[in-house]
Amino acid sequence: MRAAVIVFPGSNCDRDVKVALEAVTGKPAMMVWHGETSLPPVDVIVLPGGFSYGDYLRCGAMAAHSRIMADVVSRAKGGTPVLGICNGFQVLCETGLLPGVLQRNASLRFVCRDTWLRIEQTETPFTSAYRMGEIVNIPVAHGDGNYFCDEDTLDRLEGSGRVVFRYVDPETGEPTLEGNPNGAINNIAGICDGKRRIVGLMPHPERHFEKLLGSDDGRRVFESALRSVAA
Amino acid sequence: MKARIRITLKNGVLDPQGKAIQNALGSLGFAGVEEVRQGKYIEVDLSETDEARARAEVERMCRELLANLVIENYSYELTA
């Protein structure tokens, strides 16, 4: 599997993602600078977490219009799986590849903690190695993760299995106020596009990639990608 | 021409920052503050001198970058 990680000025999880991808694939992941005009041939594209362009104007707004994104958008539309983590999710929303927007956390505070997610959709290139309904522990670290969209969009997402990850209580596995770190509508932590090839989520699977980090619950996001390319 | 652009949150979109400002105003003793909504104000100086063309340009700026139409409205005025 050839994977590319897009690096924006202010990305800070790009190398963690690279480590995770390389451990799973056994091959070097390409780091592609935002100023490039085109991507090499790749099987998977990852937009990493961080604070691209210092979160100026709105999180992800500047990165969404950076030079490399035209090719990312066209590859995504051509079916190349794209994963956006945290700031990467914000960028995907700003490009319009995913619907909705990530607003300021309801608490107005930066939140850095473990969250528990219920896997709501396994038919994506990034969740196929999970079991439907499984509860996994993956941490968040963001100030703007409060997912919001209009009612029609929400109905469409919920009605067509496009909510991929949902914040839940670890004991009951149900979406609760306490389980929701940012006030996201319907406890949404991650979604996908209509073709289920583009996935965005606020939590950081690369930060729970191996037991040494506290948990390896995030590892299968990357293993799923490998599996989807091999399949 | 100069464009003075206001970006505001759409009705029904939660505004936790506006709420926090409202609470702070209340604790400073300003009674009767019924609602606060926070937005952005952006000034853009344009070399364009034709108003119709400037207007078309500012429209596109707002739609493509300055406002996120999922949650925000924009309005602006142009002056010479």
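In this predicted model, Met61(B) sits in helix α2 of chain B. With a relative accessible area of 25%, Met61(B) is partly exposed; the value falls between the 20% below which a residue counts as buried and the 50% above which it counts as exposed. Beyond residues up to four places away in sequence, Met61(B) touches Val44(B), Leu46(B) and Leu66(B).

The N-terminal end of α2(B) is capped by Asp50(B), which places a side-chain oxygen 3.3 Å from the backbone nitrogen of Ala52(B).

In α4 of chain A (residues 151–159), the residues Thr153(A), Leu154(A) and Leu157(A) are buried. They fall within an arc of 100 degrees when α4(A) is seen down its axis, so they line one face of the helix. The buried residues of α4(A) pack against β8 (146–148), β9 and β10 of chain A, while the face turned away from the buried side carries the exposed residues Glu151(A), Asp152(A), Asp155(A) and Gly159(A). At the start of α4(A), a side-chain oxygen of Asp150(A) reaches to within 3.2 Å of the backbone nitrogen of Asp152(A). After the helix comes Gly161(A), with a positive phi near 65 degrees.

Most residues other than glycine have a negative phi. Asn186(A), however, has a positive phi of about 55 degrees. Asn186(A) lies in the loop between β9 (163–168) and β10 (188–192) of chain A and, at 36% relative accessibility, counts as partly exposed. Arg196(A) likewise has a positive phi, near 60 degrees. Its place is in the loop between β10 and β11 of chain A, where Arg196(A) is partly exposed with a relative accessible area of 23%.

Arg196(A) is also one of the contacts of Pro125(A), along with Pro81(A), Arg197(A), Val221(A), Ser224(A), Ala225(A) and Ser228(A), neighbours within four places in sequence being left aside. Pro125(A) belongs to the loop between β6 (111–119) and β7 (135–142) of chain A and is buried, with a relative accessible area of 4%.

The loop between β11 and α5 of chain A holds His204(A). At 1% relative accessibility, His204(A) counts as buried. Leaving aside neighbours within four places in sequence, His204(A) is in contact with Cys13(A), Gly49(A), Ile85(A), Cys86(A), Ile138(A), Pro139(A) and Ala141(A).

A search of the whole structure finds four aromatic pairs over all chains. Among them, Phe209(A) and Phe222(A) form an edge-to-face pair, 6.2 Å centre to centre with 85 degrees between the planes. Phe209(A) lies in the loop between β11 (198–201) and α5 (219–230) of chain A and Phe222(A) in helix α5, 13 residues apart, and the pair links these distant parts of the chain. Both Phe209(A) and Phe222(A) are buried.

Finally, the two chains meet at an interface in which 14 residues of chain A are in contact with 16 residues of chain B. Between them, chain A and chain B bury about 1,200 Å², 64% of it on carbon and sulfur atoms. On the chain A side, Leu57(A), Arg58(A) and Leu108(A) lose the most area to chain B, together accounting for 42% of what that side buries.

Note on methods. Residues numbered from 1 in each chain as written. Chains lettered and ligands numbered in written order. Predicted model: local features only at pLDDT ≥ 70, side-chain atom pairs only at ≥ 80, totals over all residues. Heavy atoms only, no water. Polar contact = N/O pair within 3.5 Å; in protein donor to acceptor, adjacent residues only side chain to side chain. Helix = DSSP H or I, 4+ residues; strand = E, 2+ residues; numbered from the N terminus. Phe/Tyr/Trp six-rings, centres within 6.5 Å; stacked < 30°, edge-to-face > 60°. Buried < 20%, exposed > 50% of the residue type's maximum accessible area, 1.4 Å probe, protein only. Contact = heavy atoms within 4.5 Å. Buried area = accessible area lost by both parts, 1.4 Å probe. Arc of directions from axis to C-beta.
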